[in-house]
Every structure is written in structure tokens, then in C-alpha cells.
Amino acid sequence: MDHVDEFSAAPVIAWLMYTRDTLRQLHYNVTTTPNINILEKCSRHKLEVLRLAHNTITGVEPTYQKFPCLRLLALSYVIISALDLSLLLTACPKIEVLTLVSLDVVMSDPQATMELSSNSLKDIYVEAISLDKFILEADSLEKLHLKDCTLEVFELVCKGSLKLLRIDDVSVIHLDIGESAENLEVVDVGNFTIMWAKFHHMISKSSKLRRLRLWGVVFDDDDEIVEIETISACFPLLSHLSLSYDLREAALQYGLQGSFQLENIVVLELGWTVITDLFSHWVAGLLERCTILRKLVIYGIVSETKTPEECHALANFSSFMIKLMRKYPDVEVQFIYE
């Protein structure tokens with residue numbers, strides 16, 4: 001009942017008490033007068049999915065408030081302490097999916113530190129959370145997605161089961177995924193400031209990597225570049241490559257050095273923020289090295305008010321691409337402009 005501002009507590013308690021013996025899913029996004037302790041009403045039963053929003057959780061008792069069957073827990077706009085969240089995870093021994101969005105994390109310690117641990121967790125999505133330190137211990141974790149977060153330190157302790165790492169518009173000073181990169185298949189990084197050498201070292205053992213996306217990344221050091229030859233050497237199974245960052249002369253001088261080939265790239269996505277001749281040469285250089293490419297997607301940003309110079313640059317690029325693609329008749333080309 002999305003448009004109901006508030007319920008009386010009595011009928012909600014009645015609904016929960018009447019259904020809780022058979023209830024498998026509970027999507028609870030409503031305030032009541034007075035507030036209802038959902039954990040107390042629904043624990044120790046067969047609940048498998050709990051989506052809780054705009055609520056407050058206090059005083060979790062994992063020995064009493066157990067969720068033996070819960071596989072998915074989603075908390076959005078929930079007020080909860082770091083300790084209670086940790087205890088709640090302990091009370092869910094079979095949890096596989098955890099979603100945390102815009103939590104109001106109550107801290108007793110001046111340093112905002114959250115430590116979560118789960119042996120069964122496979123998928124975690126964290127959005128719009130600010131913490132000094134976030135430590136996640138999850139030996140079975142396969143998917144990690146951080147979005148719109150501000151973190152000084154993020155540490156993942158995992159036994160190498162991680163397959164997907166997605167970081168989108170995150171501010172983090174120290175990122176550590178430990179020894180969990182060996183089985184990574186997808187790395188997707190967008191709107192993120194990175195030290196390329198450090199980030200590459202972190203994922204360099206991911207020999208099973210199939211998709212790599214570095215989109216809108218900003219280098220911590222002005223002299224840093226993404227070395228495509230290193231990508232070719234470290235990720236032999238890579239089939240889908242997406243790159244968009246501020247191109248400089250060094251990207252052509254060093255990024256495309258050597259006679260390496262991107263032998264398994266089937267889909268190549270390239271983007272610009274400001275169109276220059278550098279971008280045209282970069283596209284051509286990458287195309288030469290993708291021996292079995294089937295699809296090329298070009299992303300660009302076109303301003304509403306275009307100067308004659310911008311129009312001329314776009315026209316030159318269009319002409320260049322027409323000539324270039326005559327060399328690659330088997331490659332499907334798509335242009336996506338914003």
C-alpha cells in the first residue's frame with residue numbers, strides 16, 4: 001500500500017500474527033503508531049525473503065530472534081547500529097543475498113566502523129552509505145557491488161569465490177579485496193578515481209576475467225595510463241572490453257605499444273567526453289589488435305551548444321570512422337550519443 005502514510009499498529013500486528021506460520025516473503029515499507037519490532041514478530045519461522053524500509057531496528061538478540069530460512073535481506077532507509085546489523089547477519093545462517101541502501105548507521109564509537117561476517121553470503125549490494133571503515137568477511141561471496149558510497153577503507157576477506165566486482169561512483173581511499181580475485185569473471189568500474197598500477201595489481205591474478213569495464217575513471221596520477229598490453233597478457237579469456245577515460249598523448253605512446261593482440265575480444269565499447277583526434281587514433285589502434293571482433297560501440301557526449309570547432313571535430317570523426325570501418329566489414333558498429 002504505497003500511498004498509505006501510516007498504519008495503526010494493531011491491524012499490522014494482526015496480519016503478521018495470522019500469516020507468520022506460513023509466510024515466506026515480507027515486503028514491509030510502512031510506518032506504524034507505535035513502531036513494530038518486525039524481528040520479534042517474524043523470527044523463528046519460515047521467512048525466506050525480508051525487505052524492510054523506512055524502519056528502525058534496535059536491540060537485536062540473535063539467540064532469540066533467529067531467521068533459520070532467510071535467504072534474502074534488504075534494508076532501505078533503515079536506522080540501525082553497526083553492532084545490530086552484524087548481530088542480525090549472525091541470526092541468518094542461510095543468507096545468500098544482502099542489500100543495504102541509504103542506511104542511517106548509528107555509531108557508538110567515534111570512528112564509523114562496520115564489521116560484517118557471514119559464511120553463506122553470496123551477493124552483497126551496498127548503496128549510499130558513508131563509513132570510515134567497512135570490513136566484510138564472507139568466504140562464499142560471489143558478487144560485490146558498491147554504489148554511491150563514501151568509504152575511507154573497504155576490506156574484503158574471502159576465499160577466492162568472488163566472480164563479479166562492480167564499483168560505481170564510489171569514493172574510497174583504501175580498497176582491498178585480499179586474495180579473492182583469482183576467480184573474477186567481471187570487473188566493472190565506473191566514475192571512480194584509481195591508481196591504475198595498484199588497481200591492476202589487485203586484479204592481475206584474475207586469469208578467468210571475461211568482462212572488463214573502466215568507464216569514466218580518473219587517474220590518481222596525471223602520468224598514469226591503462227596499458228592495454230598488460231590487459232592482454234593478464235586476461236587471456238577477455239571477450240568484452242569497455243574503456244572510457246580522459247585520453248592523453250601518453251595513452252597512444254605507451255598504452256598501445258608492442259605487437260600484442262586482444263585475441264578473444266568480441267565486443268569493444270569505447271567512449272569520449274571531449275572528442276579529439278587522439279580518440280580517432282586510439283579507436284583505430286585498438287581495432288587493429290582485436291582479431292575476432294564482432295561488435296564496436298562508440299559512446300560520446302555532444303553538448304547542446306556546439307561551437308564551430310566541436311562541429312568540425314565531430315564531422316572529422318564521422319568521416320574517419322566511415323573510412324576505418326571499410327577495413328572491417330564483418331564488425332557491427334553502433335553509435336550512442338548523449
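Colleague: Is Ile177 buried or exposed in this predicted model?
Modeller: Happy to start there! Ile177 sits in the loop between strand S15 (171–176) and strand S16 (186–190). Its relative accessible area is 0%, and the cut-off for calling a residue buried is under 20%. Ile177 is therefore buried.

Colleague: Which residues is Ile177 in contact with, leaving aside its neighbours within four places in sequence?
Modeller: Gly160 is 17 residues apart from Ile177 along the chain, and their C-alpha atoms are separated by 9.5 Å. Contact needs heavy atoms within 4.5 Å. With neighbours within four places set aside, the residues in contact with Ile177 are Leu156, Leu165, Leu184 and Met202.

Colleague: How many of the 13 residues of H7 are buried?
Modeller: Good one to check by eye! The buried residues of H7 include Phe279, Trp282 and Leu286, and Ser280 and Arg289 are also among them. H7 is mostly covered, and the number of buried residues is 10.

Colleague: Which side chain of opposite charge is nearest to Glu269?
Modeller: Glu269 lies in strand S20 (residues 267–271). Glu269 is buried yet has no salt bridge. A salt bridge would need the charged atoms within 4 Å, whereas the nearest side chain of opposite charge is 5.2 Å away and belongs to Arg213.

Colleague: Which side chain does a polar contact of 3.4 Å join to that of Glu269?
Modeller: Leaving aside neighbours within four places in sequence, Glu269 is in contact with several residues, including Trp215, His240 and Val297. A polar contact has a cut-off of 3.5 Å. At 3.4 Å, the side chain joined to Glu269 belongs to Tyr299.

Colleague: Which helix do the buried residues of H3 pack against?
Modeller: The buried residues of H3 (residues 82–90) are Ala82, Asp84, Leu85, Ser86, Leu88 and Leu89. They pack against several strands, among them S5 (72–76) and S9 (113–117). The helix they pack against is H2 (38–42).

Notes: Residues are numbered from 1 along each chain as its sequence is written. This is a predicted model: local features need pLDDT of at least 70, side-chain atom pairs count only at pLDDT 80 or more; totals for chains, interfaces and linings use all residues. Side-chain values use heavy atoms; hydrogens and water are left out. Helices (H or I, at least four residues) and strands (E, at least two) are DSSP runs, numbered from the N terminus. Buried means under 20% relative accessible area, exposed over 50%, partly exposed in between (1.4 Å probe, protein chains only). Lys and Arg count as positive and Asp and Glu as negative; His and the chain ends are not counted. A polar contact is a pair of N or O atoms within 3.5 Å; within protein, one must be able to donate a hydrogen and the other to accept it, and residues adjacent in sequence count only if both atoms are side-chain atoms.
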